[in-house]
Amino acid sequence: MKPAVRYATLALAVAATLGLSACRIEQPNPAPNGAVQKEDTGGSAKGDFGPPVGEPIQAVLTSPPLVPPATGRSQPAKVIVSLDVVEKDMEISEGVSYTFWTFGGTVPGSFIRVRQGDTVEFHLRNMPDSKMPHNIDLHGVTGPGGGAAASFTAPGHVSRFTFKALNAGLYVYHCATAPVGMHIANGMYGLILVEPPEGLPPVDREYYVMQGDFYTTGKYREKGHQGFDMNKAIDEHPTYVLFNGMEGSMTGDKALKAKTGEKVRLYVGNGGPNLVSSFHVIGEIFDKVWYEGGTKFQENVQTTLIPAGGAAMMDFHMEVPGSYVLVDHSIFRAFNKGALAILQAEGKERKDIYSGKEVDAVYLGDQVAGTSRAPVSVAAASAKAGTLTKEEQIAAGKVVFAGTCSTCHGADGKGMEGVFPPLANSDYIKANPKRVPEIILHGLVGPVKVNGKDYNSNMPPMSQLTDDEVANISTYVLNSWGNPGGQISKADAAAARAAKPANASEGH
């Protein structure tokens, strides 16, 4: 062999040897069958830390939006979780009641917090006045049915089973008694957090938020008691999409609280039973999102998908004070079905980060922090009793006007010159007060002349409003800002709904 060839051959052999050596260093160890063995990053194989240490611990359970404190333990324990099933009537919206089936008397159910490796002894008690048997399927359980078969519980009985929390993460639990969808749709879901052994990174505030879709016989915000509509549920056409089981559950004086300079963590679940959530906080960016409730996180996230029966954890830092709106960014769900909450941050302005001019009305409407929807409930109760007064209608109408009409027409009814006609001291209204419910329901396409000025805008129809809401808004408008007064009844609103005028709007 010639020297040059011998040298080249040697060089190739050295390079090949080095390459193989590098591969051996960089690649995971091969499995016995020759397949590549991926790095083991956790899972149930690493979640059994031996038997419980010390005396049994009673789990601290919290109602939404509160979260139990961190376990703060370095060893596995036996943790006893006692949870009651309660069937009860509660408000799903102001003036609207619904029979919820609950874990712990709330929707979502109580938040459960344990540590990876803990042995959990679960006690499920079904209240004697329940009408239905119930059980629980915890997605954090390793075992058939997630505990469902072991926990089937008739009214007036208690069931007990035990599981070891092998996998860290944030998990949904729900009832799995047939018809499963109906039990979940009635509010039977919650979250269980299984902390990793080292715990989670510390934050200043933690909140518990869970989305669910609800299917009522009546339309959105239709007053009185509403039943469950199975056909709507099967067709996946929810009347309400809500955070924590009630429209406005975290708005007004119930808004979540934080201060600038603090780090906030949200534990967000989606009970479903049908819809996927596009969870977003308007005006914030998630520093970290532990997507799908697992142990990996993504950074700098705007909106995160949470499947039905899934969860996510998210951290973000508060720089600027103001109202931050939590929504399902399938946006009609937020503003027309109720999937909206508020985090109110207090602190000093940071003009270097955000200039100001916060217009809460655009996003918040009648859900703005500090606004009470109680007048709506009062009017609904009086209407049911047949004692509804004009004053009660005006008070309720003012609340609904703030969330429906004030963005364009202004809280003072003055509108926007050249764009949106004024409602205040309006000669157009005075000429025919019965126009008001008609315009609310069917919209109005210009040109029109109001108080001597021409307008040619397009008001979209607000047909999603109930007849009660239309009557109350109309009565409020008629009795405000120098208008002629009067009263619009629910029957008047129903008649206006049935009569579509020639200049009605098609919404565009």
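# Helix packing, sheets and selected residues

Leaving aside neighbours within four places in sequence, Lys232 is in contact with Tyr215, Thr216, Thr217, Gly218, His237 and Thr239. The model in which these contacts are found is predicted, and the protein it describes has 12 helices and 25 strands. Of the 508 residues in the protein, buried residues make up 47%. Among contacts between residues that lie at least 6 apart in sequence, 70% join residues at least 24 apart.

- Thr216, one of the residues in contact with Lys232, lies 16 residues away along the chain, and the C-alpha atoms of the two are separated by 7.9 Å.
- Ser93 belongs to strand E2, made up of residues 78-93, and because its relative accessibility is 0%, Ser93 counts as buried.
- Once the neighbours within four places in sequence are left aside, the residues in contact with Ser93 are Arg221, Tyr240, Met246 and Glu247.

**The sheet of six strands**

- An open sheet of 6 strands runs in the order E12-E10-E14-E19-E16-E17, and its pairing is mixed.
- Strands E12 and E17 (298-301) stand at the edges of this sheet, and each has a single partner strand, so one side of each is left without a neighbour in the sheet.
- From one strand to the next, the twist of this sheet averages 25°.
- Strand E10, residues 205-214, is mostly covered, since 8 of its 10 residues are buried.
- E10 runs parallel to strand E14 (residues 263-272), to which 8 bridges join it, and within this pairing the bridge partner of Tyr207 is Leu266 in E14.
- E10 is also joined to strand E12 (residues 240-243), here by 4 bridges and in the antiparallel sense, with Gln211 standing opposite Phe243 of E12.
- Tyr240, named above as a contact of Ser93, falls within the residues 240-243 that form E12.
- Further along the order, strand E16 (residues 286-290) pairs with strand E19 (residues 310-317) over 3 bridges in the antiparallel sense, and Val289 stands opposite Met314 in E19.

**The sheet of four strands**

- A further open sheet is formed by 4 strands in the order E4-E9-E8-E6, again with mixed pairing.
- The edge strands of this sheet are E4 (112-115) and E6 (137-138), each of which pairs on one side only.
- E4 and strand E9 (residues 189-195) run parallel and are joined by 4 bridges, and in this pairing Arg115 stands opposite Glu195 in E9.

**Helix H12 and its two packing partners**

- In general, two packed helices are described by the angle between their axes and the distance between the axes.
- The axes of helix H10 (residues 435-442) and helix H12 (residues 490-498) come within 9 Å and cross at roughly 55°, which means that H10 is oblique to H12.
- The crossing of H10 and H12 is right-handed, and the contact is made by Pro437, Glu438, Leu441 and His442 on the side of H10 and by Ala493, Ala496 and Arg497 on the side of H12.
- By class, the residues of the contact of H10 with H12 divide into 4 nonpolar, 1 polar and 2 charged.
- The axes of helix H11 (residues 467-478) and H12 come within 8 Å and cross at roughly 105°, and because angles of 65 to 115 degrees count as roughly perpendicular, H11 is described as roughly perpendicular to H12.
- In this second packing, Asp467, Asp468, Val470 and Ala471 of H11 meet Lys490, Ala493, Ala494 and Arg497 of H12, and the contact has 4 nonpolar, no polar and 4 charged residues.
- Ala493 and Arg497 of H12 take part in the contact with H10 and also in the contact with H11.

How values were computed:
Residues are numbered from 1 along each chain as its sequence is written. This is a predicted model: local features need pLDDT of at least 70, side-chain atom pairs count only at pLDDT 80 or more; totals for chains, interfaces and linings use all residues. Side-chain values use heavy atoms; hydrogens and water are left out. Axes are lines fitted to C-alpha atoms, for helices over the stretch in contact, and angles run from 0 to 180 degrees between N-to-C directions. Angles under 35 degrees count as roughly parallel, over 145 as roughly antiparallel, 65 to 115 as roughly perpendicular and the rest as oblique. A crossing is left-handed if the near helix is turned anticlockwise from the far one by less than a right angle, and right-handed if clockwise. Contact means heavy atoms within 4.5 Å. Ala, Val, Leu, Ile, Met, Phe, Trp, Tyr, Cys and Pro count as nonpolar, Asp, Glu, Lys and Arg as charged, and the others, Gly among them, as polar. Two strands pair if DSSP finds at least two bridges between them. Buried means under 20% relative accessible area, exposed over 50%, partly exposed in between (1.4 Å probe, protein chains only).
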